[in-house]
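Here's a quick tour to read with the model open in your viewer.

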Number of protein chains: 2
Amino acid sequence: MALGQSYTNKEYKKIAKDLRIELFNAQRACIEKKIPVVIILSGIKGSGRGKVANFLSEWLDAKFVRNHAFLAPSDEEETRPTMWRYWRHLPAGGETAVFFGAWYTQILRNSRFLEKHGKESMLESINASTQLEETLSKSGTAILKIWLHLSKEEHDIRRKYRKQAKENLYYTPNDELLDDFYDEIMEVLQETIPQTDKAYAPWAIIDAYDENYRNISVARALLQHLNQCLAAKEVHENIKEATQKDDNQIEMNTISALDRVDLSQNIEKEDYKEKLEELQTEVARLTFEAYQKGISTTLVFEGWDAGGKGGAIRRLSTCTDARITRVIPISSPTSEELAHHYLWRFWRHVPQAGYITIYDRSWYGRVLVERVEGFAQKHEWRRAYNEINAFEKELVSDKNIVIKFWLHISSEEQLRRFKEREDTPWKQHKITAEDWRNRDAADAYKLAADEMFLRTNTSYAPWYIIPAESKLFARIEVLRIYRDSLKNALSTKQNIKVESVDLLPVQEIIEENESVEKEKKDKKKKKEKKEK
Amino acid sequence: MALGQSYTNKEYKKIAKDLRIELFNAQRACIEKKIPVVIILSGIKGSGRGKVANFLSEWLDAKFVRNHAFLAPSDEEETRPTMWRYWRHLPAGGETAVFFGAWYTQILRNSRFLEKHGKESMLESINASTQLEETLSKSGTAILKIWLHLSKEEHDIRRKYRKQAKENLYYTPNDELLDDFYDEIMEVLQETIPQTDKAYAPWAIIDAYDENYRNISVARALLQHLNQCLAAKEVHENIKEATQKDDNQIEMNTISALDRVDLSQNIEKEDYKEKLEELQTEVARLTFEAYQKGISTTLVFEGWDAGGKGGAIRRLSTCTDARITRVIPISSPTSEELAHHYLWRFWRHVPQAGYITIYDRSWYGRVLVERVEGFAQKHEWRRAYNEINAFEKELVSDKNIVIKFWLHISSEEQLRRFKEREDTPWKQHKITAEDWRNRDAADAYKLAADEMFLRTNTSYAPWYIIPAESKLFARIEVLRIYRDSLKNALSTKQNIKVESVDLLPVQEIIEENESVEKEKKDKKKKKEKKEK
């Protein structure tokens, strides 16, 4: 990479003439193909990031371009996972987002030379960044990262000039600080760039000394990357995916985790009432404590149709304060949600510190209904397991709780409930042709659920399969598990870092239930003894 | 209103049986008719707001119900107009939003008895509330306001019990404070309720002593209001609106404001370059100062197609820092935006304190394209003038700036630019069949624009008609006006309150331009003299 290159105005005009049209056409093609484009624009102060953004708005169709700067995080951002602020501004298909610095500013903030360390270590930031870029690019986002380079001498000259002209406008204290750290920034870069320079999200290091040369280089890098992404998209579309049915034959040596659940578990009405009140009182108090300590909860409810999700959620949300609880029922996405990465709509509702978000159905739709119905292609749902694990890891970071419930009922019980719904005026809307269709596909769903348990049952975000043949039993179980998780989170030391994706064997889910069952039986025995 | 009423469980069950079905059906009808429902749930601590919210989730189809509590505003909310936090959570058509307290908590906060006064006086809060409710209800939102009443004795009993049971969970300091102020709250209510009890957004005062009676009363009040709204909607749909064309004959005694603009105004290239640099440098410095002082800017660009909006915006956004500037191009709304009030999509982008939002086309589409093309009905766009004035008043409150530009060109110049666009590869996309259609409807647009100037040219958010026959002249004018407005805002005392909607006569817009023109001529003369 040679530095200090330049173009005369005449040279610039000559090159620009065709390049502009080519770049414009590449953007049109991305709009047509609904490819989201993320340009991360970084560089040292004075390298002309703002000017490059303006140049891009001029050459591209500005109606599809948005700039986003990330100054100090707002408290809404500060109290959510680090990546939340980027997710909320990700472009829809066809849009171009120019992110100033974005997560690379985060890496700088977390690097050792800044006095005020961020929440995470630099390495953690780098890992989270590559993970995010991989997730996005695999789902078809074009990501280009630009570093506008200035030599130290040039940087110092420009800085001096700005000072003399009183043009030193620092928008954040960080801004001013970073201006003093040329050498340190370069050091961080030399570590960061090789680690994050991937084929799917490459770095373009651009000599920013000469304005003409800089703009032409940015345009060329962007054109090249967009064309690559467009070509990849085309190849992709031409490969006929194997039909969905073949894909369902995953190798499962064990019998289904669901078949091993003891559905006979029950609770007597009197016991239920007593236990319910006790648990609800406890959960009310514990969630208040969690609110004060800033521990957030993400609860996921999945399971068979008519499994009793709604009832269980209501028993839980009755005791948590409505002001900190959000129930998000997941149905078909809006056009805005559809135009984004499939996880975007769930990121929108991620709880703030101390808050509770209950998802009634969730991102697991990707590996359940979307897989079974063929809405997602094989490579898409396959990839989703890792993406989901990474997403949940973000949610858990530090001290937050993620719990996933699968409400399990037998086929016979489901049929009985379907029929009951059809006979109850205010439940009729709950039963549709789709529910009957899903019922027919129960085997495929079971297979999908088994693979899901296998691949997403992590130590930090475990699955709980709840025997829900008895609605009352299931409700108590859900409350009990939530209470225990809260207690645990409140008692353990804060800032426990999640190091890696630890998968739990599915066996443990079953054992968990079995031990609960045993406990119940023991209790019953004791009670019977007492009564005797 | 009798207090202390109650239902036995048996009575409750008997009433509930039919009522539940009726309420459920009313909700289904609202979903079908895409009517958004807002329930404001307020009451003193211990009156069971949370329980009522849970009760509603049980009786209604919970998939369409969202609860929203408004604890202390986040900094993202604090740095925007007061109503922003409510707008962002307004329900889409068919959804029901249960707002805890909402703007009535705001009124309490701003009332005289609380030590920490809010930003505004109580009266201002009440006015803003009724304005918002009127805006929403006129566009078809069903709004019901519920006050759960407890006698002072009962409140004290419950409070004592909570203390003993250690169930006094205060989620905010305010929460705790309000618990001490029974009498004062009642006093505020006696003032607020009569002022805000409107047919379109009625209050239901409900005796909350007995749980059964309370729930039944809430259900009845909601049922009654939903049925009223449904009936109103039906009447509405049956009235055939007069065709759009008849409506365009508004009485304008004067000739069009646009016809009186001197389009011959021009600037020489040399002058332009000099002036541009001077203005851009000034604007850069002033916007930085505004950022530091928390003064936000909302800029609106309207005008004929090919009037040069994009170029003018770019000259402006080049000099404001990209990190605090957001350009929002307005095209067709997303499905999520379509499902909300038409102003909702603009509220989303309202700038934070110190930031700049530039709307490339705006909410004025309601009274321009939607009027001319008949997308909005007559009563809808008629109403929009007031709604827009109220919206802009919210934006301006205190010290923020709202400036509206109309870039005006002659029909001949437009034709020339259309043709030029067709001949330039990267401009071809800018010219579509729609542009040619709009051109054919130029007279109707002119009429609509004239009425718009007449009705929305307020002292706090003035219109500037920019002669844009010369692109260079227009760009300089836009920058000059923005610079002057910034200077003005920075020099005047802070916290100037906007008292009412003051309309400026359209004449002033023209005079403004004429005086500028005169100034130019004088300068030219001086220059010529000098040269002599």
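In chain B of this predicted model, strand E9 (residues 401–408) and strand E10 run parallel and are joined by five bridges. At one point along the pair, Lys404(B) sits opposite Trp463(B) of E10(B).

- E10 (residues 463–467) of chain B is mostly covered, with five of its five residues buried.
- Trp463(B), Ile465(B) and Pro467(B) point one way from E10(B), while Tyr464(B) and Ile466(B) point the other way.
- Buried or exposed, for Glu392(B)? Glu392(B) is buried, at a relative accessible area of 0%, and Lys404(B) is buried with a value of 0% too.

**Other salt bridges**

- Over all chains, the count comes to 59 salt bridges.
- One of them has Glu76(B) and Arg88(A) as partners, with the closest N and O atoms 2.9 Å apart.
- This pair crosses between chains: Glu76(B) is in helix H3 (residues 75–78) of chain B, and Arg88(A) is in the loop between helix H4 (84–87) and E3 of chain A.
- Glu76(B) is buried, at 5% relative accessible area, whereas Arg88(A) counts as partly exposed because its relative accessibility is 26%.
- Within chain A, Glu134(A) forms a salt bridge with Lys138(A), the closest N and O atoms being 2.9 Å apart.
- Both of those residues lie in helix H6 (residues 122–138) of chain A, four residues apart, or about one turn of the helix.
- Glu134(A) is partly exposed at 28% relative accessible area, and Lys138(A) is partly exposed at 44%.

**The five-stranded sheet in chain A**

- Chain A has an open sheet of five strands in the order E2-E3-E1-E4-E5, with parallel pairing.
- Which strands are at the edges? They are E2 (65–69) and E5 (203–207) of chain A, each pairing on one side only.
- Neighbouring strands of the sheet are turned by 20° against each other on average, ignoring direction.
- Helix H2 (residues 49–59) of chain A packs on the sheet and touches E1, E2, E3 and strand E4 (142–149) of chain A; its direction makes about 150° with that of E1(A).
- Helix H9 (residues 182–196) of chain A packs on the sheet as well, touching E4 and E5 of chain A, with its direction at about 150° to that of E4(A).

**Loop residues to look at in chain A**

- Asp210(A) is in the loop between E5 and helix H10 (211–238) of chain A.
- Asp210(A) is buried yet has no salt bridge, and the nearest side chain of opposite charge, Arg158(A), is 7.7 Å away.
- What Asp210(A) does have is a polar side-chain atom 2.8 Å from the backbone nitrogen of Tyr213(A).
- Beyond its neighbours within four places in sequence, Asp210(A) is in contact with Gln5(A), Ser6(A) and Tyr7(A).
- Ala102(A), in the loop between E3 and helix H5 (103–109) of chain A, has a phi near 50°, a positive value in a residue other than glycine.
- Ala102(A) counts as buried, since its relative accessibility is 0%.

Note on methods
Residues are numbered from 1 along each chain as its sequence is written. Chains are lettered from A and ligands numbered from 1 in the order in which they are written. This is a predicted model: local features need pLDDT of at least 70, side-chain atom pairs count only at pLDDT 80 or more; totals for chains, interfaces and linings use all residues. Side-chain values use heavy atoms; hydrogens and water are left out. Two strands pair if DSSP finds at least two bridges between them. Helices (H or I, at least four residues) and strands (E, at least two) are DSSP runs, numbered from the N terminus. Axes are lines fitted to C-alpha atoms, for helices over the stretch in contact, and angles run from 0 to 180 degrees between N-to-C directions. Contact means heavy atoms within 4.5 Å. Buried means under 20% relative accessible area, exposed over 50%, partly exposed in between (1.4 Å probe, protein chains only). Lys and Arg count as positive and Asp and Glu as negative; His and the chain ends are not counted. A salt bridge is a side-chain nitrogen of Lys or Arg within 4 Å of a carboxyl oxygen of Asp or Glu. A polar contact is a pair of N or O atoms within 3.5 Å; within protein, one must be able to donate a hydrogen and the other to accept it, and residues adjacent in sequence count only if both atoms are side-chain atoms.
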